[in-house]
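Hi,

Here is the structure I promised to pass on. Have a look at it first, and then read my notes below.

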2 protein chains.
Amino acid sequence: MDKQIHNRKLEQLITNGVPEDDHAKKISDFFKATGEPTRVKIILALSQTSLSVNEIAEILNMSQSGISHQLKTLRDARIVVGERLGKEVHYRLIDNHIVNIFEQVIKHADE
Amino acid sequence: MDKQIHNRKLEQLITNGVPEDDHAKKISDFFKATGEPTRVKIILALSQTSLSVNEIAEILNMSQSGISHQLKTLRDARIVVGERLGKEVHYRLIDNHIVNIFEQVIKHADE
DNA sequence: CAAACATATGCATGTCTGTTCATATGTTCA
DNA sequence: TGAACATATGAACAGACATGCATATGTTTG
């Protein structure tokens, strides 16, 4: 009986609390994209102003190629968007949702 | 001159916008801990109720060892805390900051 | 104390990922 | 059109990581 109540609690969780595999993956994909120091720096830089690829590379003192790869990861996660202006592509955060999330995490990290 | 203005903008960003290496790492460490489907499921399960290690393993249909390893990662990131009650250790989210962050990310992921 | 149970941890392994180098693609302008 | 510049992409490699197995540690109770 105790066991049964126990199981009912878990059943409840499985059906309501824990997401399906694809949903969990979607959520973790976002976090995975933000879970790397270089990408954190890119995002925080873009929270101030939009920047070209070379500008970001200069700020972070990294190769153009490296930054471009990371921007692809951030694009795929729908965190940044790039807009071509002549030869350059200007990147910006896709919305300020992102900034809100970072503000909360920074609070948590600094605590 | 154009170049100089350009550089001033970047200087500004480097000193104000972009965090130091250790700070960026702290932030990304949080995100890294949440950037994995199993850990996302654990966190969402714990957002409903506290659970023992074996209960989590049962819910997620994974080995006890695997869950324990993941819980260590989440502990290290100060996302969960465990409290020993007899033979069992009951885990819960460290605060509801975590839930807020997840709510925002889920919104972003579902959009 | 010994047996049973719950959790933690070291090791091994297959997989994933961040970075650079070289090069391709796209754009401007002379 | 061709040279110069900005960005993207493929390959390769080193380092990181998730998981399971075996086992150690911690806790209760008979």
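Predicted model: local features only at pLDDT ≥ 70, side-chain atom pairs only at ≥ 80, totals over all residues.

**Where the chains meet**

Let's begin with the contact between chain A and chain B. Each chain puts residues into it: 52 from chain B and 52 from chain A. Between them the two chains bury about 4500 Å², and 67% of that is on carbon and sulfur atoms. On the chain B side, the residues that lose the most area to chain A are B:Phe31, B:Gln104 and B:His108, which together make up 16% of what that side buries.

There are polar features here too. Seven residue pairs are in polar contact across the interface of chain B and chain A, counting pairs with both residues at pLDDT 80 or more. Which elements of chain B give two or more residues to the side that touches chain A? They are α1 (2–17), α2 (21–34), α3, α4 (53–60) and α6 (97–110). Of these, α6(B) supplies the largest share, with twelve residues. If you sort the residues on that side of chain B by type, you get 24 nonpolar, 14 polar and 14 charged.

**Salt bridges**

How many salt bridges are there over all chains? The count comes to six, and two salt bridges run between chain B and chain A. One that links the chains pairs A:Lys41 with B:Asp21, where the closest N and O atoms are 2.5 Å apart.

In chain A, A:Asp29 forms a salt bridge with A:Lys25, with 2.9 Å between the closest N and O atoms. Both residues belong to helix α2 (residues 21–34) of chain A and lie four residues apart, about one turn of the helix.

Chain B has a salt bridge between B:Lys25 and B:Asp29, at 2.9 Å from N to O. These two are four residues apart in helix α2 of chain B, so about one helical turn separates them. B:Lys25 is partly exposed, with a relative accessible area of 44%, and B:Asp29 counts as partly exposed at 32% relative accessibility.

Back in chain A, the side chains of A:Lys72 and A:Asp76 meet in a salt bridge of 3.2 Å, N to O. About one helical turn separates A:Lys72 and A:Asp76, because they are four residues apart in helix α5 (residues 64–76) of chain A. A:Lys72 counts as partly exposed at 42% relative accessibility. A:Asp76 has 52% relative accessibility and therefore counts as exposed, since the cut-off for that is over 50%.

**Aromatic rings**

A search of the whole structure turns up five aromatic pairs over all chains. One to look at is A:Phe31 with B:Phe102: their ring centres are 4.9 Å apart and their planes are at 40 degrees, so the pair is tilted. A:Phe31 is in helix α2 of chain A and B:Phe102 is in helix α6 of chain B, so this pair joins two chains. Are these two residues buried or exposed? Both A:Phe31 and B:Phe102 are buried. They are also part of one aromatic cluster, formed by A:Phe30, A:Phe31, A:Phe102, B:Phe30, B:Phe31 and B:Phe102.

**Helix α3 of chain B**

Last stop: α3(B), which is mostly covered, with nine of its ten residues buried. Among the buried ones are B:Thr38, B:Arg39, B:Val40 and B:Lys41.

B:Thr38 sits in helix α3 (residues 37–46) of chain B. Its relative accessibility is 13%, and the cut-off for buried is under 20%, so B:Thr38 counts as buried. What does B:Thr38 touch, leaving aside its neighbours within four places in sequence? The contacts are B:Leu60, B:Met62 and B:Gln70. At the start of α3(B), a side-chain oxygen of B:Glu36 comes to within 3.1 Å of the backbone nitrogen of B:Thr38.

Cheers

How values were computed: Residues numbered from 1 in each chain as written. Chains lettered and ligands numbered in written order. Heavy atoms only, no water. Buried < 20%, exposed > 50% of the residue type's maximum accessible area, 1.4 Å probe, protein only. Contact = heavy atoms within 4.5 Å. Buried area = accessible area lost by both parts, 1.4 Å probe. Salt bridge = Lys/Arg side-chain N within 4 Å of Asp/Glu carboxyl O. Polar contact = N/O pair within 3.5 Å; in protein donor to acceptor, adjacent residues only side chain to side chain. Nonpolar A, V, L, I, M, F, W, Y, C, P; charged D, E, K, R; others polar. Phe/Tyr/Trp six-rings, centres within 6.5 Å; stacked < 30°, edge-to-face > 60°.
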